[in-house]
Amino acid sequence: MLRNREIQLLLLVMVTISLTAVVVAAFMSPATIAIVFLLSALLIGSSLLFTRWRYRELAKLSVYLRDISSGNDSLDVRDNQEGELSILKNDIYKVTLMLSEHRSLLQRDKVQLTDAISDISHQLKTPLTSMTVMADLLSAPDLPPDKRAEFTHHIRIQLERIDWLVSSLLKLSKMDAKTIPFKKDKIRIKELIHKAIEPVMIPMDIKGQTLSMAGDDEVSFVGDFNWTIEAIINLLKNGVEHTPEGGAIAITFFENALFTEIIIADNGGGIPKADLPYIFKRFYKGKNANEGSIGIGLAMAHSIVSSQNGVIDVTSDSGKGTQFRIKFYKHVI
């Protein structure tokens with residue numbers, strides 16, 4: 001402790017003051033000199049003891065901080081007393097809790113990233129394996145022309161599937177990182193719906209499905225036109241896939257002082273109750289999912305709506321159909 005520069009300066013100041021007091025007392029009685037000398041010794045001794053105690057406490061804090069940096073978040077340095085050291089301990093404990101929360105979040109993100117990589121690998125493995133087999137078959141010199149054309153067609157389909165999957169995952173990752181600048185334009189719902197139904201009209205015609213739309217022409221909301229179209233398309237595709245031939249899909253929309261709502265309903269087979277809590281989860285495929293389903297369309301729609309101050313809910317009854325409700329709030333809630 002005596003090697004510390006702060007202690008050396010403290011001792012120098014105290015000894016100087018004490019010697020000055022002794023010199024002054026020398027002009028007085030011997031008893032006064034003795035009292036001044038005794039008081040000086042007590043002052044210097046108590047100061048050294050107090051300083052030594054403070055350094056011990058600081059040394060404990062150093063050990064505590066080293067343990068925290070090693071990942072031990074269970075330690076509690078608080079002493080519930082008053083004073084500067086107690087305040088410092090409480091502040092350090094608050095920082096410890098914050099670091100613990102950040103460490104937990106990072107661990108959770110790490111697990112999610114690992115799961116996502118595993119899911120992506122699984123999704124890519126199937127079409128890649130299929131294309132590898134068909135590529136080997138195409139190399140056979142005696143392969144009939146019709147089979148060669150068929151395998152070539154299937155390879156193109158698998159390549160398109162991979163391209164769509166990679167593109168969708170890239171979009172989702174950008175939304176998760178909040179790096180996509182969503183526009184805030186005034187959008188008329190009727191115009192939005194007309195644009196969104198274009199990609200699903202041919203599949204609906206093939207299955208003989210009907211589409212109805214109801215809502216006032218002036219209904220609108222503030223958001224990004226192109227991204228919202230993508231969300232609506234994913235919901236419509238889900239309805240077309242799970243609605244039987246001759247079925248119906250209905251779109252209604254309205255607005256009030258709080259929000260603008262879009263309802264997309266079908267009379268398909270419905271979603272099992274056990275699947276409802278998970279249908280917006282990435283790569284989740286329910287019991288009624290199609291064989292070629294990847295489980296990313298509804299997750300994409302959910303992320304797009306959520307990024308625009310909106311919410312999306314689903315209600316479904318087995319055998320009676322499914323209803324998606326999108327609400328875009330006019331003010332942050």
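Which residue with a positive phi follows H4? Lys 178 does, with a phi near 55°. The account below concerns a predicted model.

## Overall make-up

The protein contains 8 helices and 7 strands. Of its 333 residues, 31% count as buried. Where contacts join residues at least 6 apart in sequence, 68% of them are between residues at least 24 apart.

## Helix H4

Helix H4 covers residues 145–176. With 32 residues at 1.5 Å a residue, H4 should span 46 Å, and the distance of 46 Å between its end C-alpha atoms agrees with this.

The buried residues of H4 are Phe 151, Ile 155, Gln 158, Ile 162, Leu 165, Ser 168, Leu 169, Leu 172 and Met 175. An α-helix has 3.6 residues a turn, so residues three or four places apart point the same way.

## H4 against H8

H4 and H8 pack with their axes 10 Å apart, at an angle of about 30°. Angles under 35 degrees count as roughly parallel, and the two helices H4 and H8 are therefore roughly parallel to each other. The crossing of H4 past H8 is left-handed.

On the H4 side the contact is made by Ser 168, Lys 171, Leu 172 and Met 175; on the H8 side, by Ala 299, Met 300, Ser 303 and Ile 304. By class, the contact of H4 with H8 has 5 nonpolar, 2 polar and 1 charged residues. Among the H4 residues in this contact, Ser 168, Leu 172 and Met 175 are also buried.

Helix H7 (residues 225–242) meets helix H5 (residues 189–196) with the axes coming within 9 Å and crossing at roughly 55°. That angle makes H5 oblique to H7. The crossing of the pair H5 and H7 is right-handed. From H5, the residues in contact are Glu 191, Leu 192, Ile 193, Lys 195 and Ala 196; from H7, they are Phe 225, Thr 228, Ile 229, Ile 232, Ile 233 and Leu 236. The contact of H5 with H7 divides into 8 nonpolar, 1 polar and 2 charged residues.

H7 also packs on helix H8 (residues 297–306), with the axes 8 Å apart and an angle of about 145°. The crossing of H7 and H8 is left-handed. H7 contributes Trp 227, Thr 228, Glu 230, Ala 231, Asn 234, Leu 235 and Asn 238, which meet Gly 297, Leu 298, Met 300, Ala 301, Ile 304 and Val 305 of H8. By class, the contact of H7 with H8 has 8 nonpolar, 4 polar and 1 charged residues.

## Asn 238

Asn 238 is located in helix H7. Its relative accessibility is 15%, so Asn 238 counts as buried. Setting aside neighbours within four places in sequence, Asn 238 is in contact with Leu 298 and Phe 324.

Ile 279 sits in the loop between strand S5 (259–266) and H8. Ile 279 counts as buried because its relative accessibility is 9%. The C-alpha atoms of Ile 279 and Ala 299 are 7.6 Å apart, with 20 residues separating the pair along the chain.

Neighbours within four places in sequence aside, Ile 279 is in contact with Ile 271, Tyr 284, Leu 298, Val 314 and Phe 324. Leu 298 and Phe 324 are also contacts of Asn 238.

## From H8 to strand S6

Asn 309 lies in the loop between H8 and S6. Although not a glycine, Asn 309 has a positive phi of about 60°. At 27% relative accessibility, this residue, Asn 309, counts as partly exposed.

Ser 316 is part of strand S6 (residues 310–317). With a relative accessibility of 14%, Ser 316 counts as buried. Not counting residues up to four places away in sequence, Ser 316 touches Gly 270, Ile 271, Leu 276, Gly 321 and Thr 322. Ser 316 and Ile 271 are 45 residues apart along the chain, and their C-alpha atoms are separated by 5.7 Å. Ile 271 is also in contact with Ile 279.

Conventions
Residues are numbered from 1 along each chain as its sequence is written. This is a predicted model: local features need pLDDT of at least 70, side-chain atom pairs count only at pLDDT 80 or more; totals for chains, interfaces and linings use all residues. Side-chain values use heavy atoms; hydrogens and water are left out. Axes are lines fitted to C-alpha atoms, for helices over the stretch in contact, and angles run from 0 to 180 degrees between N-to-C directions. Helices (H or I, at least four residues) and strands (E, at least two) are DSSP runs, numbered from the N terminus. Angles under 35 degrees count as roughly parallel, over 145 as roughly antiparallel, 65 to 115 as roughly perpendicular and the rest as oblique. A crossing is left-handed if the near helix is turned anticlockwise from the far one by less than a right angle, and right-handed if clockwise. Contact means heavy atoms within 4.5 Å. Ala, Val, Leu, Ile, Met, Phe, Trp, Tyr, Cys and Pro count as nonpolar, Asp, Glu, Lys and Arg as charged, and the others, Gly among them, as polar. The expected span of a helix is 1.5 Å times one less than its number of residues. Buried means under 20% relative accessible area, exposed over 50%, partly exposed in between (1.4 Å probe, protein chains only).
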